[in-house]
Amino acid sequence: MIFFEQLISALAKKRCSIWRPSSSSLWLNIKFLSTMPSPESTCKRARQYRTTYTGPETAYFEIIQSGCHGRGKCLILFTTSSVYLFNSPEGTERLFCEHGVKNSRLNHIFYTRGCWDNVNGLNGLILSLRKAGCAELHLHGAQAVTKIVRGAEQVSDWSGPPLNVIEHCDCNDSHFEDDSVQVQYLPLIDGEKFREEKTDELDVSRPTFAYFCRIKQKAPKLLLDKCAKFKVPVGPLLGRLQAGCDVQLDDGTTVRSVDVLEPATPCPTFVVVECPRGKQPPKRAAIEQLLRQDEALDAVVHLTDAEVYQTDWYQQWMVDLDVKTCHVVLNDRVAPLRPHSEALYRFSVQLNRVHSTIFPLLCTHEHATADTQPLVVTTKQESVVAVAGEPWLRFNLRPEPGLVNKCAPSFDRAAILEPIDGQPLVVDELRRFQDRLFSQIGANNTSDGDQYPSVTFLGTSSASPVKTRNVSALLIHLDDRSTVLCDCGESTYSQACLLYGADGIEPLLRSVKLIFISHMHGDHFFGLPTFLRRRLRAYRDCQLDYEPVFLVAPRNLLHILTMFESFSGSLQPLCKTILTHRLQPLDEQSQKHLHEAMVLLNMKRLEFVPVAHPMGAHGLVLTTASGKTVVYSGDTRPCPTLVNAGQGADLLIHEATMEDDLVNEAVNKKHSTISEAIGVGRAMGAGFTLLTHFSGRYNKLPLVDERHCSESIGLAFDFMHVNLAELAVLTEILPMLKLIFRDTYQNMLMRTEKKNFRRELKLKQEQQQQQQQ
C-alpha cells in the first residue's frame, strides 16, 4: 500500500513522459487505489478488532533470585511478546542471560517495596538496557527511585541511546494494563495487630504494594463448521469474528462472535506480595473482588521476610485463601541454598580441578543437586502446601496453568568436568602439574607467617559483569582479624557470601577495617551501600558494639551516597572517612583517621597515589608490620608516579583491561594493556605481578603473549585466594588453563588475527588511494 501511495505521489508531481500511461485502464486502477483507505485508518480498525482478545499464547513466571544466602528476591513474568520484572536486586542484570531474558523486551519493573534490597541492582540493569537500545523503562511502586538513577548518571559512562525512565507511584496510579497483562496495585495498610516494629534505622518507610496480575484472554479458536452454518463468506469477516467482533452479512443477518468461537477459558491470575513488619497483607475479600466469574487465584508468590512469614497471623492468611492456590515462598529461611548462575558454578568447579586451595569451591557446591521438600503451612484447623522458591522454578500460567517445573540446568560434577577428565592428554598433563606442585610443597614448608598478607578476588571484570566475572572487588587479608577491601562493585556482598558461606560471611564483614574506593566509576562502588548495611547487621546479630570502618574515597563519593539515602538510609555514620583529592593533600580530619587506621591495622605504610585515570583515580600502596608491600593500581594507564611509589613491592595488582592489539582503545579509555601492565611491574621491580580488571570480551582467559609466560605474572579470577608464598604457582597454572580452555583461547586468537588482517587491508587501501591522488 505504501508503494502505491508513493507511485501516485510521483505521478502527480513529476508528470514525466516515462510514467505516461498507455491506456485508460491504468489510470482507472490508480484512481481505485487512491480511494482505498489509508494505512493509518486500516491500522486503527485493526486495533479495534483486536481489542477483545489480545492475550498471549504462552505465559509463565520464573524465579530469578530466591532470597537465599546473600541474594535478593525477584521473579520475572514471561509472555509471548514481553517480560515484566518484579524487583531488581543486585546481580539481576547478570542473571538475565541465564534465564533467556532479552533486554529489549523488558519495559516494566514492579517493586513490591521501596527498600534498598529491592532497587540496588537498578543502575546496572539500566546500563545493560541502554546497550540493548531500549527506549523506555517504567518503574512501578517505588516512589522517587529515579533519584538513585540520577546519582548514578553522574559517575557512570552510559553507553547506548538515552533511556526514558518513567515512575508510576502516584495515588492515581492504581493499575497497569497493556495487550498482554492487567496489573492491579494493592497497597498494604497498617492495622492494630500489625504495629510496626522497626528493627533497623537504615530502613526507610515507603509505600508497599501487592500486585494482582491477570493474563489477558487469548483469541479462542474459530469454529469453521459453525461459520459455514451461518453462511459467513471466506474473507475479512472471519478475521473480525476471530477478533471477537460481531459482523453483519450482506443479507442483513448478524453473526455473533460467541456463536462461532469455542468457549473462552478463564484468565490465569496470581498475586505477588511482600509484607513487611507493621503492614497487613491484602484481605481475601479484596482479592476475590478482583476475580471475574469462573476465575480462580492460581498462585501467590510470597517475597515476605522469614520473620513475618513464620508468624501465626501470616500463615493463617495463607490458609484462608483458596485451597487450590499454589504458594511459592522466597526468603532466606525457606528458599534452599542453590546456585543462581550455571556458568559461574561450572567455571568454579573446573578451576577447582586445577588447584583446590587457590580456586576453592563455592558454598552452593554441596547443595546444588539436593532435592527440595514441599513446605506444609499448618494452623490449628487447616494446612496448605507451599513450594520453596529456587532459581529456575517455573510456574505455568498458559498453557497448562498451575504446572510447576524446575528448569534448572544440570549441576552434575562429572558432566561439568567431562571436558577435562574426558581428554587423556589434559588429564596426564594435569597429573604431572599437580605432582610437581606437591613435591614443591614438600620441599618448601610454608610457615604460618607466610599466610599473610593474602588476597581474595571477588570481582575481576571491567565496566560491567559477565557470566564468570563480576565487577571490581578484592580483599587483602593482613591477618585473621584485619582485612582491606579494595573497590566494591555491585554484588560484592553476594560474591563474598558465595565464597565464605553462612558461617564465614559475618566474621569476614567484621574483619574489614578499611575500604579503599579507587575512583568514582560505578563499577567500583555501586556495591558499597549494601556492603556497609550488611556489615552493620553482622555486628548486631552478634550483639556487638559497632566499629565504624575507615572509608578511603574521592570526595565526591559522599554526595552520591547522599542521593542514595532515600533508599539505603544514611551511611556516613557507619564510616570514618579519609577523603582523597588528586591536587590537594588530605584535610585535618582525614589525616587523623589515616593515623588511626594505620595504628588499628598495624601498618608501616598506607599511601594513596594519584594515577592516570579520570574520576579522581588513586592507587594504593600498603606495607604490613612484617615489611611486605602490596600495590593496587585501580584503573590507570601506566603511571610513573605509581611505579616510583611502589618500588620493590612484593606484589603488584594491576589492571589489564585490553589485549595488546587494542592499545589505541586503551589509550582513549585510560586503561592498560596486558603487556603495559607487565611492564609496570618490571619497572617497579615487583616480586610478582597479578593482572585483573579484564574486559568483558575475555569471559574466561585474556590473551597473554607467549613471551610473558616465563615472567612472574599471574591472572586473577573471581573467588581466587592466594598468599605471597603461593604466587609462583600462578605462573605454572597459566599454561595449564590455556590447555584446558584451548578452544576458547584459539577462538579469541583467530578473532584477533581476523581483526588485524582487516586493519592491515584497510591501511593498504588508504595508502593506494593516497598514491593514486
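1. A definition to start with: Ala, Val, Leu, Ile, Met, Phe, Trp, Tyr, Cys and Pro count as nonpolar, Asp, Glu, Lys and Arg as charged, and the others, Gly among them, as polar. On that basis, the lining of the second largest pocket divides into 14 nonpolar, 19 polar and eleven charged residues. Please note that this is a predicted model.

2. More on that pocket. The second largest pocket has a volume of about 1,000 Å³. Its lining holds 44 residues. Nearest its centre lie Leu127, Lys131, Ser462, Ala463 and Ser464. Two elements each give two or more residues to this lining: α4 (92–95) and α6 (122–131). The largest share comes from α6, with six residues.

3. Now the aromatic rings. The structure holds 25 aromatic pairs. In one of them, the ring centres of tryptophan 116 and phenylalanine 564 are 5.7 Å apart. Their planes stand at 35°, so this pair is tilted.

4. Where do tryptophan 116 and phenylalanine 564 lie? Tryptophan 116 is in helix α5 (residues 116–119), and phenylalanine 564 is in helix α18 (residues 557–568). The pair therefore ties together parts that are 448 residues apart in sequence. Buried or exposed? Tryptophan 116 has 3% relative accessibility and counts as buried. Phenylalanine 564, at 1%, counts as buried too.

5. A second pair is formed by tyrosine 185 and tyrosine 211. Their ring centres are 5.6 Å apart and their planes are at 90°, so the pair is edge-to-face. This pair links distant parts of the chain, 26 residues apart. Tyrosine 185 sits in strand β8 (residues 181–187) and tyrosine 211 in strand β9 (residues 209–215). Both tyrosine 185 and tyrosine 211 are buried.

6. Tyr185 and Tyr211 also belong to a cluster linked by ring pairs.

7. Arginine 394 lies over the face of tyrosine 60, at 4.1 Å from the ring centre.

8. Last, the cysteines. How many disulfides does the model have? The count comes to zero, with the cut-off for a pair of cysteine sulfur atoms set at within 2.5 Å. Cysteine 213 counts as buried, at 2% relative accessibility. Cysteine 486 is buried as well, with a relative accessible area of 0%.

Methods:
Residues numbered from 1 in each chain as written. Predicted model: local features only at pLDDT ≥ 70, side-chain atom pairs only at ≥ 80, totals over all residues. Heavy atoms only, no water. Phe/Tyr/Trp six-rings, centres within 6.5 Å; stacked < 30°, edge-to-face > 60°. Helix = DSSP H or I, 4+ residues; strand = E, 2+ residues; numbered from the N terminus. Buried < 20%, exposed > 50% of the residue type's maximum accessible area, 1.4 Å probe, protein only. Lys NZ or Arg CZ within 6 Å of the ring centre and 35° of its normal. 1 Å grid on protein atoms, 1.4 Å probe; cavity = no way out; pocket = protein on both sides within 12 Å on 5 of 7 lines; lining within 4 Å. Points joined across faces, edges and corners; volume = space filled by probe spheres on them.
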